[in-house]
Amino acid sequence: MSNTKILGDTTSLSPRHTSEGWLNNLDRPRKAGPLLADHAAPGTGMSTVSIHAGTHDDPRTGAVGTPIYQASTFVLNEGQYQSVEEGFARDRFIYSRYGNPSQWAVQEKLAALEGAESAIVFSSGMAAITSTVLALVDKGAHVVASSDLYGGTYNLFNQEFPTMGMSCTMVDSYDFDAIEAAIRPNTQLMYFEAITNPLLKVIDIPRLAEIARRRNIRLVIDATFAPPVAMRTLEHGVDVVVHSASKYLNGHSDLIAGVAAGPRKLIDMIWPRLLNYGGSLDPHACFLLERGLKTLAVRMRAHEESAMALAKYLEAHPRVQKVFYPFLESHPDYATARRLLKNGTGNITFVIEGGDAAALRLVNALRIPKQATSLGGVESLISLPFNTSQATFTSRQRADAGIDPGCVRLSVGIEDAADLIADFEQALAAIYAKKEPAYA
Ligand SMILES: *Cc1c(COP(=O)(O)O)cnc(C)c1O
């Protein structure tokens, strides 16, 4: 395929498309993409896909890997003028907020990993979430959402929605009767998270999808805590999957990005919101995200290996009262996790003896995990709900949310399990030594 064809020539458009009003024809077959070139990954394994899908070796020089197309705008030809006139501008390069080759390459990789026809990258997870939600609801609409939402998404539904004439009912994601009961005639969207924070509940997505289908409502899932490799969310009947790509997808704690993936028809509805709200991803950040994604499969295996070993160690420790890790048999959603997840992740939540004061001493005594909010990076990160994610809650509200004093959130990186365990061993020994000396 020649370079000019890749970059927006019209020769691939049949005259039929141009004469019949391509935009207004809702029956027209929509193909996957947009794609930089007609190529598929040379295999279906998640590592092969994460390395090869979408990646676009420079056609002019043969340089391996997608170049960084650091351009705000593109030279216009007949094809681009026509695409604007006829409504297929998403398939041509015009201006980088609309689309850029660096975005297309990483979008294609993300779509392939999710098994989606199409994907759009955004400048943050929240940009992906707001653009997706607002594309799929009309004025006056009602949304049924999980009561365990990420704070930013909670604020979208609680603060922004009422000002736009929309409303949201938040429900316990385990309570399917309550979910059904919350649905109203104007409910257009169900919005849940695949794995919740901080208790790591694994939501029964196929059951939510069955309700959504039966009641003719769209289902959006935030799968930030369960990226592809761990879960192919769309395979469970979800309409659109969104992620904060700042977490596992990029995996290196060095950029903020988001993505929405699903059928081309729905992603084409989200794209105008990207243009209007302006959350497009910079080409250099696209390059970093694409590079991060190449190791997604090996990173996820390493996260599971280290997290599983550490979770078992913590579960056996006499000072640790509870451990939440979905692949531990003691987790309430172990069976759901085994059914829906193909790979574990790095998130562990646990509760130690001595409450929040002991938890504070623990995070200060650890040498490997850095005290930081966020998750999914190669380096372990640790934080406490009481002074970060649930800091605005009263102790009663924390108790109602199932968060006990002494609760610790840990995102296990890909450091060696033996080093992580040794670090927790020394830190736990140090913080309890003062209270109960060995000779006592
Ligand atoms: C971090 C996060 C977000 C927000 O993503 P940003 O990239 O920070 O905008 C949304 N949902 C979940 C579950 C997250 O963890």
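Thr-349 stands opposite Arg-409 in strand S12, in a model that is predicted rather than experimental, where local features need pLDDT of at least 70, side-chain atom pairs count only at pLDDT 80 or more, and totals for chains, interfaces and linings use all residues. Residues are numbered from 1 along each chain as its sequence is written, and side-chain values use heavy atoms, with hydrogens and water left out. Strands (E, at least two residues) and helices (H or I, at least four) are DSSP runs numbered from the N terminus. Strand S9 (residues 347-352) pairs with S12 (residues 407-411) in the antiparallel sense over 5 bridges; two strands pair if DSSP finds at least two bridges between them. Both strands belong to an open sheet of 5 strands with mixed pairing and the order S8-S9-S12-S11-S10. At its edges are S8 (320-324) and S10 (370-371), each of which pairs on one side only.

The largest nonpolar core has 89 residues. Such a core is a set of buried Ala, Val, Leu, Ile, Met, Phe, Trp, Tyr and Cys residues joined through side-chain atoms within 4.5 Å. Buried means under 20% relative accessible area, exposed over 50%, and partly exposed in between, with a 1.4 Å probe and protein chains only. Among the residues with the most contacts inside this core are Leu-314, Ile-348, Phe-350, Leu-362 and Phe-424. Helix H12 (residues 296-316) gives the largest share of this core, 9 residues. A second, separate core of 32 residues includes Leu-134, Leu-156, Val-242 and Ile-270. In soluble globular proteins, nonpolar side chains tend to be buried together. Leaving aside neighbours within four places in sequence, the contacts of Phe-350 (heavy atoms within 4.5 Å) include Leu-314, Val-320, Leu-362, Cys-407 and Phe-424.

Strand S6 (residues 240-244) is largely enclosed by the rest of the structure, because 5 of its 5 residues are buried. Val-240, Val-242 and Ser-244 lie on one side and Val-241 and His-243 on the other, so that both faces are covered. In a regular strand the side chains alternate between the two faces of the sheet. S6 runs parallel to strand S5 (residues 218-222), to which 3 bridges join it, and Asp-222 stands opposite Val-242. With strand S7 (residues 258-262), S6 pairs in the antiparallel sense over 4 bridges; there, the bridge partner of His-243 is Val-259.

A polar side-chain atom of Asp-222 lies 2.7 Å from a ligand nitrogen atom. Ligand oxygen atoms are found 2.8 Å from a polar side-chain atom of Lys-247 and 2.9 Å from a polar backbone atom of Gly-125. The protein buries 91% of the 380 Å² that the ligand exposes when taken alone, as given by the Shrake-Rupley method with a 1.4 Å probe.

Ser-146 lies in strand S2 (residues 142-146) and is buried, with a relative accessible area of 1%. Apart from neighbours within four places in sequence, Ser-146 is in contact with Met-170, Val-171, Ser-173, Tyr-191 and Phe-192. Tyr-191 is 45 residues away from Ser-146 along the chain, yet their C-alpha atoms are separated by 6.6 Å. The side chain of Ser-146 also reaches the backbone nitrogen of Asp-148 at 2.9 Å.

Conventions. Polar contact = N/O pair within 3.5 Å; in protein donor to acceptor, adjacent residues only side chain to side chain.
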